[in-house]
Amino acid sequence: MKTPNCSRRLLACAGLLLLAAIHTAHAAVGARVLVQEWSPLTPKQQPLRVLVNDPKIISTQVQKAWTLARPRICGEVVDAMVKTAASKGQQLRDVKCLLDEAPAFSIAAAGPKANALAARLAVGGYVEATTTVPGPTGASLDPRFSLALTGTLNLGVTVQARPDQTLRVDKVNFRLANANIDSHNASADTIKFIAEELLNAFKGPNFKKLAQDRINSQSIDLANQFNTALVPVNALLKGPSTAVRVAVWGRPDAVIVAFGPRELTPPTGGTIFGALRWDKAQVVAPGGCASFTIAATVQTGPAPLRDPSGYFEPGDAPVRKVGNFQLEPNPSDSECRYRMTGLAAGWPNALVARSSIGAKKTTGNSLYRVNYALAGDGWDGNTVVPQPSAERNYLVRGAFSSTATANAAVATKKALLSPGGPVINPPTAKLTTPAKPLVTGKALASPIAKATSKADAVSLNLQPLPPSTLTPAQVPSALK
C-alpha cells in the first residue's frame with residue numbers, strides 16, 4: 001500500500017500506516033505435495049514423502065492477480081462514491097484512490113465439504129476527493145475529504161477432479177466492512193458540512209450496497225484473472241501420474257495435497273492347509289468339523305490420511321475378502337482337516353478362525369460360558385503368506401467369556417433373608433423360655449434367651465422390652 005500524504009490529517013494517516021504494516025507482515029501461503037508410499041508386502045507401513053514444498057507460491061500468485069484487479073476495483077469504488085455524492089446534490093473532482101498493494105491473504109477449508117476452500121483478501125483502501133457545496137462559494141472553499149475503507153474480497157475455490165487444475169476460483173465476492181470519513185479542510189463550515197451531509201451518505205447502507213454491487217458485477221472477469229495466476233500453482237499440485245489424489249487440506253500457511261497408490265487387485269493362487277485338533281476329554285464338538293470356519297482378507301491399499309502429519313487409522317484401509325474354506329473328510333473324533341484356496345499368493349493374508357462350540361455352566365447361582373476358540377499351533381494364527389502354499393495347524397482351546405447370575409430373583413431373595421450383618425442376623429441360638437411369663441404389677445417381663453455360648457450372647461444383642469402399662473387384671477389370660 002502506498003504511503004498517503006499525512007501532512008493534513010495525522011490521525012487518519014496513522015491508521016492507514018498501521019493497516020499497511022499489518023498487511024505487510026502477514027505470513028505467506030505456500031503449497032505442499034505429499035506422497036504415501038505403500039507396499040502390499042508390508043501393509044501396515046505407509047511412510048509419507050514430501051514431493052513439493054514451496055512456502056509462498058500461492059500468496060505470490062494471488063498477489064499478481066490482485067495487482068491486475070486492484071485498478072478495476074478502485075474504479076468501481078470511485079464510481080459508487082460519485083453516484084452517492086450526486087444523490088446528495090454534490091459533485092466530486094480530483095478523486096484519488098489507493099487500495100492495499102499487498103492485502104492480507106488467507107485460505108482455509110470451506111466448512112464440511114471436502115472439495116471446497118475459502119480464500120480471502122483483507123483489503124484496506126484510501127480514497128480522497130473534493131466535493132462541491134451548495135451556494136455561491138468559490139472552488140477554493142470546496143471541502144476536501146478522505147474515505148478510509150476496509151473490506152474483504154472472498155474467493156470461492158473448488159478442488160477439482162482434473163489433475164491439471166486442482167484449484168479453480170469459481171466466484172469472487174466483495175464485502176465492504178466499514179467506511180470512515182475525514183475532513184481535510186480547516187474551516188468550521190467545511191467540517192460541519194462533511195459531518196452533516198457526507199458522513200451519513202458514505203457510512204450508510206446505500207453506499208455500502210452500491211459499492212459491493214459495482215465490484216461484484218465484475219465477479220466472472222476477476223475469477224478468470226485469479227485462475228490465470230493459479231496456473232503455476234496447479235502445475236505443482238498435479239502430483240505423480242502413477243498415483244491418485246487422496247486428500248486436500250487448506251491451512252493458514254499452505255494448501256496441502258496428498259497422493260497415494262491406486263488400490264491393487266490381489267493375486268490369486270495361494271493355498272493353506274492343515275489340521276484343527278482338540279482334546280476330546282475336555283472339548284466336545286456337537287457339530288463335528290462343521291463347528292469351525294476360517295475367513296481371509298487382504299489389504300489392497302494404504303489407509304487414508306487423517307491429516308497432513310501422516311496420521312491414519314489402520315482400520316480404515318481398503319481390504320478385500322479372499323479364499324475359499326473347505327473341510328476335508330477325516331475319521332478322527334479329535335481332529336479335522338481343512339484346506340483354503342484362492343488366497344493372495346505372496347501377500348500377507350489376514351485370517352479369522354472361528355469356533356461355534358460353547359458351553360454354559362453353573363456354579364451355585366453363578367452362570368458363565370466357556371467359548372472354544374482356534375489358536376495357532378506354533379504360529380500366531382492370524383497371518384499367513386502362502387508361497388504359493390503353506391501348512392498351518394490350529395488347536396481348539398477353551399476360555400471364559402462372561403459371568404452372570406443364573407437367577408436374579410433367587411439372588412435378591414437371599415440378600416433380603418441374609419443381609420449379612422451379625423447383629424441383625426445372629427447365628428442360630430438355643431432359646432429357653434419359661435412356661436409362663438413373669439408378670440409384676442408394673443411391667444410385663446420379656447422372655448430371656450439363653451445363649452449356648454458367650455459369643456452367641458454377644459451376637460444376639462438382646463434388649464429388654466419396654467415397660468408395660470398393663471395392670472395384672474388387663475393381662476391376657478393366655479399369658480398368665
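The model is predicted. The protein chain has an average pLDDT of 79, and 71% of its residues score at least 70. Where pLDDT is low, the predicted coordinates should not be read in detail.

Now turn to the sheet. Four strands form an open sheet in the order β2-β1-β9-β8. Their pairing is mixed. On average, neighbouring strands are turned by 20 degrees against each other, direction ignored. Strands β1 (residues 30–36) and β9 (residues 254–261) run parallel, joined by six bridges. Within this pairing, A31 has V255 of β9 as its bridge partner. Helix α2 packs on the sheet and touches β1, β2 and β9. The direction of α2 makes about 140 degrees with that of β1.

Next comes helix α5, residues 219–229. Its buried residues are S219, L222, A223, F226, N227 and A229. They lie on the same side of α5 because they cover an arc of only 155 degrees around the axis. An α-helix has 3.6 residues a turn, so residues three or four places apart point the same way. I220 and T228 are exposed on the other side of α5.

What do the buried residues of α5 pack against? Their partners are α2 (57–87), β6 (144–159), β7 (167–183), α4 (205–216) and α6 (231–236).

Terms used
Residues numbered from 1 in each chain as written. Predicted model: local features only at pLDDT ≥ 70, side-chain atom pairs only at ≥ 80, totals over all residues. Heavy atoms only, no water. pLDDT = per-residue confidence, 0-100. Buried < 20%, exposed > 50% of the residue type's maximum accessible area, 1.4 Å probe, protein only. Helix = DSSP H or I, 4+ residues; strand = E, 2+ residues; numbered from the N terminus. Arc of directions from axis to C-beta. Contact = heavy atoms within 4.5 Å. Pairing = 2+ DSSP bridges. Axes fitted to C-alpha atoms, helices over the stretch in contact; angles between N-to-C directions.
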